[in-house]
Amino acid sequence: MDKKLIEKLVAASGVKSGELVLVHFWGEDADIGIMHSIASTVAAMGASPVEMQQSRSINAQKFVDIKDGAFCEKYFSLISNFDAVIDIFSYRPVAPGETPKGFQADAYRKYMSNFFNVISKAKRFTQIRIPTEENAKESNLPYEEYRDRMLYAMDIDYDVLHKNCEKTVGELDKKAEITLVTGDNHKLYFDLTGRKWFIDAGDGDSPAGEVYIAPMEGKTKGNVFFKTLFAGCWGKFDDVLMTIEDGKIVSTNCDGMNERLSELDDASKTICELAFGQNPNISELCGYTVLDEKAKGTFHIGIGNNTMFGGENDVPFHMDYVGTGTIL
C-alpha cells in the first residue's frame, strides 16, 4: 500500500486533530511497517497515535507463560481512553494460529474478549485489511486478483462516496417500510420502524461503501431470489429462492442451503440486516463478501447478530447474502 492510499484511508477514518488514536496491528514483524506508516499519517493530521501489535508468534508464547494477575483491570483501564481505533490486519484477527504445548486458550479468549469490549467503545472503530497472501486465502481468489481488487476498491474518492451515501440514506430514511423486488417479481418486506440507517464511507470496514440498517426482528417476510448466491464457507449456489416468515429464513429451493440452515437455531436464521452497496470501484460479484457487499448496485441481507448497529438479535453468528434487485 503506497503513501497516498494510506493517507486516503486514514483521512476517511475521520481522524481529527487532538485525538488519541490506537493504531492496532495484527501481524508479524515482517509486515509491521504498515503500522508505522499509518501511525505517522495519524500524527501528520495532528492526532496522537499509540501503536500496538498483536502477533500470533508473540502471543503464542505469552499465553504459555501467563500467570494470574496478568492483564488486570489497570491494563484495560489504560486502553479505555482512545477517541478512535484503526484496526489493521495482515491476517485474520483473534485466531491464534498454531499454538504450542501449554498454550492457555481460556486465558487467551478472556483477554481478547475483554480487550475488544474496551476498544470497541471508542467513538470510531475502523478496520483495514492489508492485501496479503494470508488474507487472500479466506477470499478463495488467486492472490494477484485479490490484491488488485482490494487496492482498487480502497482507492476511491471518499468525499464523493460519503455524499452519495448521505443522499441514499436521505431517500431511504423517509420509509418506515421497504419492499425489495428480486428475480421474477419476488417481494421481500421489511419493517424499519424506529431503526436508524448507518453509513460506512471509510470509517468502518475497509473496503468501504455501504448503507445499512437493522430491520425489526420478527417482521421481515416474503421471498428473495439470488441468481448466484455466495454463502461463504457454505459454498456457491445458483437460482436460490429464499422464503422468510416471521423474520426468519424458513426454507429455500436449494438442498445444500437447507442442509446448512438446518444447523442453525432460529435466532441465527433471523434477518438482522438490510444494506445497499455504494462503492463504484466494485462492479461485479466475485464470491468474497468483504468486496461483494460493497458493490454499487447490490443489496445484501444479513442473518444473525445486529447489536452493533441498533438491533436486538444477540447471537455469536452473522452471515450476509448479496444480490441485485430494486426497491418498489
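In what order do the six strands of the open sheet stand, and is their pairing parallel or antiparallel?

Guide: The model is predicted, so local features are given at pLDDT of at least 70 and side-chain atom pairs at pLDDT 80 or more, while totals for chains, interfaces and linings use all residues. Residues are numbered from 1 along each chain as its sequence is written, and side-chain values use heavy atoms, without hydrogens or water.

The six strands of the open sheet follow the order β12-β11-β10-β6-β5-β16, and their pairing is antiparallel. A strand here is a DSSP run of E with at least two residues, and a helix is a run of H or I with at least four, both numbered from the N terminus. Two strands pair if DSSP finds at least two bridges between them. At the edges stand β12 (248–252) and β16 (326–327); each has a single partner strand, so one side of each is left without a neighbour in the sheet.

Now consider β5 and β6. Strand β5 covers residues 177–182 and β6 covers residues 186–191, and six bridges join the two in the antiparallel sense. Three residues lie between these strands in their hairpin, where G183 takes a positive phi near 55 degrees. Within the pair, L180 has L188 of β6 as its bridge partner. L188 also stands opposite G222 in β10. Strand β10 (residues 221–230) runs antiparallel to β6, and two bridges connect them.

The whole chain gives the setting for this sheet. It has 10 helices and 16 strands. Its radius of gyration, taken over C-alpha atoms, is 20 Å, close to the 20 Å that the globule rule (2.2 Å times the number of residues to the power 0.38) gives for 328 residues, so the chain is as compact as a globular protein of that length. Of the 328 residues, 49% are buried, that is, under 20% relative accessible area with a 1.4 Å probe, protein chains only.

The largest nonpolar core has 71 residues, and those touching the most other members are I38, W197, M242, M257, I301 and Y321. A second, separate core holds 20 residues, including M52, M112, F115 and A122. Such a core is a set of buried Ala, Val, Leu, Ile, Met, Phe, Trp, Tyr and Cys residues joined through side-chain atoms within 4.5 Å.

How values were computed: Buried < 20%, exposed > 50% of the residue type's maximum accessible area, 1.4 Å probe, protein only.
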